[in-house]
Amino acid sequence: MIKMLKMFFGFCNKKRKRQFYLAIVLTIIMGICEATKLPAIWYLFKNIFEGTFSLTVVLHSFLIMLIPLMISMVCRYASTMLQCDGGYGSTCEKRIEIAEHLRYVPMGYFNNNSLGYITSVTTNSMEQLSDIATRVVMLVTTGLINTIIVVIVLFFFDYRIGLVALGGVLIFMAFNTIIKSMGKKFAPKKEKADLGILSNTLDYVLGISEVKSYNLYGKYSKRLDDANEYGRKVYQKVELSMIPVQTIQTYITRLIGVAMTIVAILLCIKGENDLATTMTVIIGSYVIYASLDAMGTFNALSKIVERCVTRANEILAIPTMNISGEQYKTKSSDIEFKNVSFSYDKKTIIDNVSLKIKSNSKVAFVGPSGSGKTTICHLMARFWDVQKGSVLLDGKDVKDYNIDSLMENFTFVFQNVYLFNDSIVNNLRMAKENASEEEINNALKLACCDFVYDLPKGVNTIIGEGGSTLSGGELQRLSIARAILKDSKIVILDEATANVDPENEEKLMEAIDHLTKNKTVIMIAHRLKTVRDCDNIFVIDEGKIVQSGKHDKLMEEDGIYKRFVLDRKDAVSWKI
Amino acid sequence: MKKRGFLSILLDYAGDKKKYYTVSITAAIISVAAGIIPFYFIADIITKLIDHNEVFNDYVFDIIMILVLFLIKGLFHVLSTSLSHIAAFQTIKGVRKRATDSLALASLGDVKSENSGSLKNTLCERIDSTETTLAHIIPEVSSSVLCFLGTFVYLMILDWRMGLFSLIPVVIGVISYGTMTIGYEKYYKDCIEKTKVLNDTAVEYINGIEVIKAFGKSESSYEKFEKAAKEGASCYVNWMRNCNISFTAAMSVAPYTLLAILPLGGILFFNNLIPLNTFVICVLMSIGLISPLINAMGHADDISKAQVIFKEIDRIVSIKRLSRPTVSKAQPKDSSISIKDVSFGYKDEEVLHDINLDIKANSQVAFVGPSGAGKSTIAKLIASLWDPNKGDIYIGGVNIKDLTLEDYNKYVSYVSQSNYLFNVSIMENIRMGNLSASDEEVIEICKKCGVHDFIMNLENGYDTVVGDSGSHLSGGERQRISIARAMMKNSKIVILDEATAYTDPENESIIQKSLAELVKDKTVIVIAHRLSTIINSDDIILVNNGVIEAHGKHKELLAKSPLYKSMWNAHIQAKDGDIND
């Protein structure tokens with residue numbers, strides 16, 4: 001319980017923590033107010049047994065409950081508001097913190113997987129947590145606080161009864177620890193079962209075509225069924241061994257009640273306590289286990305809190321880089337790598353690479369997949385920070401640029417394009433905020449986006465999520481129109497024309513021709529004739545430059561490049 | 001889909017463990033009763049105390065009875081919760097099994113159009129999250145409600161005025177709770193809307209972060225997100241602020257039964273209308289009267305959450321299935337294919353109109369056409385990913401609807417660019433093509449299609465586990481393994497749907513070679529966007545706007561179809577851009 005509160009408070013910022021602390025203080029006041037029911041009962045019965053009973057006594061005892069109730073309501077009102085504000089506020093702030101954090105995360109970190117995960121945490125997990133955050137503190141503390149207060153009140157009536165109650169509460173707490181350690185003991189088994197179900201389900205869902213087309217239905221579903229059955233057995237075993245312990249725990253609260261009753265009877269018979277106190281104590285035994293019952297019902301919640309908080313922290317733990325360099329306008333687009341090495345996950349990806357790319361030249365990177373050619377291009381735009389050596393743009397280390405003024409120099413054309421769920425014109429204005437209508441039309445024309453004018457709403461057409469209404473080729477050309485508007489000095493083409501159908505390829509090539517006119521062009525490609533016309537071709541293998549030079553020179557060498565070209569010749573002229 | 005109540009869905013999935021729930025409820029009732037009867041003995045104790053009975057032994061029987069009853073209560077509680085847990089886990093297992101089974105029987109195209117991530121999420125985490133509800137709700141809700149009713153009836157028997165008065169705080173509570181619904185619609189809508197805006201903004205901000213950064217827009221996009229996040233929180237706070245008074249009143253007054261019972265009892269007693277011992281016991285019983293009811297109400301939320309999940313499962317289970325017999329009505333006599341009057345549309349929009357086509361056994365045909373023309377859809381219908389809306393497809397003279405899926409799958413292999421490899425060893429993955437194949441036979445096939453060397457170069461050779469950890473296999477390498485698997489299957493009809501697209505260049509020519517091996521002596525249907533690949537086909541079928549516009553050999557088509565000619569020219573030009581020409 002304390003661990004969960006700690007975790008949750010660690011998640012909140014200072015202001016929110018204060019709100020929750022205040023809510024706890026209010027909860028204590030509420031507990032005290034609620035406990036006045038015992039004095040009220042006592043007062044009434046005392047007057048009855050002492051023969052001083054009157055309607056005024058009834059009114060007084062009513063007021064002893066009513067006035068605290070009023071106070072308690074004010075407290076509850078304030079505390080509910082505090083917790084609501086604190087709960088929604090802290091998840092909101094966490095979302096903003098994540099968004100802020102992402103601004104400093106190296107671009108290279110992002111891929112479909114990581115983005116999907118971050119999105120799911122920022123939306124789903126935080127949504128789940130915000131709902132719970134508003135009540136978690138209340139749920140966790142109320143039962144305990146109320147119990148403690150009732151025990152204290154009982155001490156006022158009779159210290160011996162108070163001791164019995166206290167002893168009972170301690171035993172109850174001890175059981176909590178036992179249950180928890182049992183849960184811990186079972187945790188690895190449960191985890192294993194969960195994992196089995198998860199991985200088998202995933203395999204089954206992703207491989208469903210294969211399951212069907214290879215008639216694996218019986219065989220594969222058997223594996224899944226086994227995992228499923230194993231899971232059921234484990235869960236069942238865990239629960240069945242926990243239930244008796246949990247029941248004994250609740251049973252103990254009843255026993256405390258009975259013990260209190262016995263002590264109360266004995267003290268009454270001996271004449272040590274009067275009847276009013278005795279009655280109040282017996283009634284008090286019921287009050288105490290009503291509040292004890294309210295404890296320990298938040299196990300499911302604590303799981304969710306833990307999961308959501310851990311996920312958010314995971315994202316915030318992604319290392320960031322310092323992007324607050326100098327605002328700098330480049331004069332040239334010369335790029336230079338000086339003994340650059342870069343590794344990721346302890347794996348060396350770029351190994352001591354030095355190269356120079358002159359302004360307005362066209363160069364290509366060629367090499368097997370996984371050789372590091374894409375990473376080299378990413379390092380130019382500081383998607384990552386290099387571990388050794390330096391990357392220079394216009395003679396200045398890319399680390400010394402402010403990130404926006406560095407990015408101004410680069411345009412990337414990928415196979416996958418991302419356009420915002422906004423109008424076409426707003427997507428284009430992303431690149432140049434104050435672009436005139438003429439500039440927009442010009443960019444669309446150069447990027448072969450005539451199709452835009454055939455759309456019912458023209459440039460004001462909203463691009464649907466995932467671009468449902470436009471084809472992949474069209475989206476790609478729109479992204480090129482956007483890049484044309486940006487008009488950066490360096491254009492990086494990363495396999496941009498791979499896998500495009502023939503009717504699109506022609507237009508795409510034309511669009512790219514317009515985009516790359518008078519620019520420094522860096523391409524990662526294997527199909528373009530332009531590779532042959534490049535001023536320089538770098539052949540990359542295992543993170544190193546193994547060959548470089550013009551096409552004709554490379555074709556004379558016996559190396560990867562020549563082999564690669566011959567392979568391609570085979571592939572292209574292949575007939576089935 | 002028919003609408004069903006939660007309980008009927010639950011019992012439906014519980015299967016043969018249904019009776020566990022019945023027994024669980026019975027046990028819960030006994031447990032509740034054993035919790036109420038002690039009031040009788042407490043009342044006895046109180047009476048004796050008031051009568052100044054000072055012999056402790058007179059109290060012993062009462063105390064023992066109370067202890068015994070509590071023991072019974074505990075035992076039956078264990079029984080009730082244990083049974084409901086057993087039933088719950090069985091239900092969860094059953095639900096999962098039903099859902100995965102129906103995925104295997106549903107038309108593949110529909111399954112493929114589901115988001116696999118959310119499917120996994122539903123089948124694992126979300127189903128699991130219903131456990132608490134399934135396991136606790138039946139015993140807890142039933143015993144909470146019964147406990148309230150039982151105590152209330154007992155109160156009424158003791159003194160009906162006290163009984164009725166005990167309800168006053170609840171009534172006040174319910175009324176104030178009711179006033180919370182004023183303005184509910186407006187606030188609820190606002191919150192839903194703001195949450196949606198927030199989620200959309202988050203999706204855009206995160207998924208578009210590369211673009212945002214590349215265009216130097218991180219400042220303004222961040223501000224937009226910040227605003228959405230703040231509004232997404234404040235709408236809920238506003239809602240709470242609006243209904244907090246009602247909420248506070250309801251939560252404070254409703255459980256405070258004593259507030260009505262104590263003064264009423266005092267007044268009744270003052271007028272000699274109630275004996276003192278009854279008064280005391282009524283006070284005692286009122287203490288825990290309402291909290292079980294509030295407890296039960298707390299589950300309403302859980303139930304509705306579980307309901308949403310079960311509805312989702314119901315939807316998965318009811319994905320349209322292919323109608324196939326359990327025993328094939330006939331066996332194909334050869335590997336010819338014929339398509340008769342086939343029309344098909346994914347949703348409302350028809351994409352294929354009245355297709356008629358005959359493909360001879362062991363011939364090689366290619367589908368070509370502009371993107372979106374429907375060429376791939378025809379192949380997917382032949383591959384039985386969907387059933388046509390109208391018309392029929394025959395293999396070797398047999399309607400594929402008369403074949404079991406199993407028999408059908410023996411005849412047809414569908415190789416696309418995205419073939420899945422299972423999270424088991426490469427050996428096992430390839431063996432899936434033919435489960436009875438020996439290791440040697442697997443290796444033989446691998447040698448034949450040129451993957452043997454590359455597999456042997458892996459650290460663990462054929463025992464390398466493909467999967468998350470084995471994801472260092474490139475797309476091309478995976479494709480090569482999956483082609484070996486298809487070869488292992490050795491079916492008479494092979495459909496290649498852009499099978500070489502999206503592979504890395506150094507793998508492409510190797511893949512092509514293994515494909516050539518795969519299609520030997522088979523009926524082959526090829527969809528390829530590189531037209532030069534298919535010019536030798538026996539028949540080239542030009543699909544445009546959902547109909548077959550023309551077909552014939554390459555030269556015939558060039559002569560008679562302007563569309564084909566222009567596509568060919570475009571291809572030649574693009575090919576011209578390739579490195580070699």
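Predicted model: local features only at pLDDT ≥ 70, side-chain atom pairs only at ≥ 80, totals over all residues.
In chain A, the domain assignment gives domain 1 as residues 1–148 together with 297–320, domain 2 as residues 159–272, and domain 3 as residues 335–572. Taken over C-alpha atoms, the centres of domain 1 and domain 2 of chain A are separated by 24 Å. Chain B is likewise assigned three parts, with domain 1 covering 1–166 and 270–321, domain 2 covering 167–256, and domain 3 covering 337–576. The C-alpha centres of domain 1 and domain 2 of chain B lie 31 Å apart, and the contact between these two domains involves 6 residues of domain 1 of chain B and 5 residues of domain 2 of chain B. On the side of domain 1 of chain B that touches domain 2 of chain B, helices α8 (160–165) and α15 (291–317) of chain B each contribute at least two residues; by class, that side holds 4 nonpolar and 2 polar residues, with no charged residues.

Between the chains, 127 residues of chain A are in contact with 133 residues of chain B. On the side of chain A that touches chain B, the element giving the most is helix α8 of chain A (residues 217–269), with 24 residues.

Chain A contains an open sheet of 4 strands, ordered β2-β1-β4-β5 and paired in the antiparallel sense. Its edge strands, each of which pairs on one side only, are β2 (347–357) and β5 (396–397) of chain A. Strand β1 of chain A (residues 335–344) is joined to β2(A) in the antiparallel sense over 7 bridges, and within this pairing A:I335 stands opposite A:I357. β1(A) also pairs with strand β4 of chain A (residues 388–393), again in the antiparallel sense, over 5 bridges, with A:E336 opposite A:L392 of β4(A). A:L392 in turn stands opposite A:D397 in β5(A), within the antiparallel pairing of β4(A) and β5(A) over 2 bridges. The hairpin formed by β4(A) and β5(A) has 2 residues between the strands, and A:D394 adopts a positive phi near 55° in this hairpin.

Chain B also has an open sheet of 4 strands in the order β2-β1-β4-β5, with antiparallel pairing. The edge strands here are β2 (350–359) and β5 (398–399) of chain B, each pairing on one side only. Strand β1 of chain B (residues 337–345) pairs with β2(B) in the antiparallel sense over 6 bridges, and B:G345 has B:E350 in β2(B) as its bridge partner. Elsewhere in chain B, strand β6 (residues 412–415) and strand β7 (residues 493–497) pair in the parallel sense over 4 bridges, with B:S413 bridged to B:V494 of β7(B). In a regular strand, side chains alternate between the two faces of the sheet. In β6(B), B:V412 and B:Y414 point one way while B:S413 and B:V415 point the other way, and all of these residues are buried.

Helix α9 of chain B (residues 168–179) has 12 residues, which at 1.5 Å a residue should span 16 Å, and the 17 Å between its end C-alpha atoms agrees with this expectation. Its buried residues include B:P169, B:V170, B:G173 and B:S176; because these cover an arc of only 130° around the axis, they lie on the same side of α9(B). The face turned away from this buried side carries the exposed residues B:V171 and B:G178. The buried residues of α9(B) pack against α12 (218–253) and α13 (258–270) of chain B.

In chain A, residue A:A481 is located in helix α16 (residues 472–486). A:A481 counts as buried because it has 27 C-beta neighbours inside 10 Å, where 20 or more are required. When residues up to four places away in sequence are not counted, A:A481 touches A:L428, A:A443, A:L444, A:A447 and A:C449. The C-alpha atom of A:A481 is separated by 16 Å from that of A:I462, which is 19 residues apart from A:A481 along the chain.

Conventions
Residues numbered from 1 in each chain as written. Chains lettered and ligands numbered in written order. Buried ≥ 20, exposed ≤ 12 C-beta atoms within 10 Å, placed from the backbone. Pairing = 2+ DSSP bridges. Contact = placed C-beta atoms within 7 Å. Domains from an automatic or database assignment. Expected span 1.5 Å × (residues − 1). Arc of directions from axis to C-beta. Nonpolar A, V, L, I, M, F, W, Y, C, P; charged D, E, K, R; others polar.
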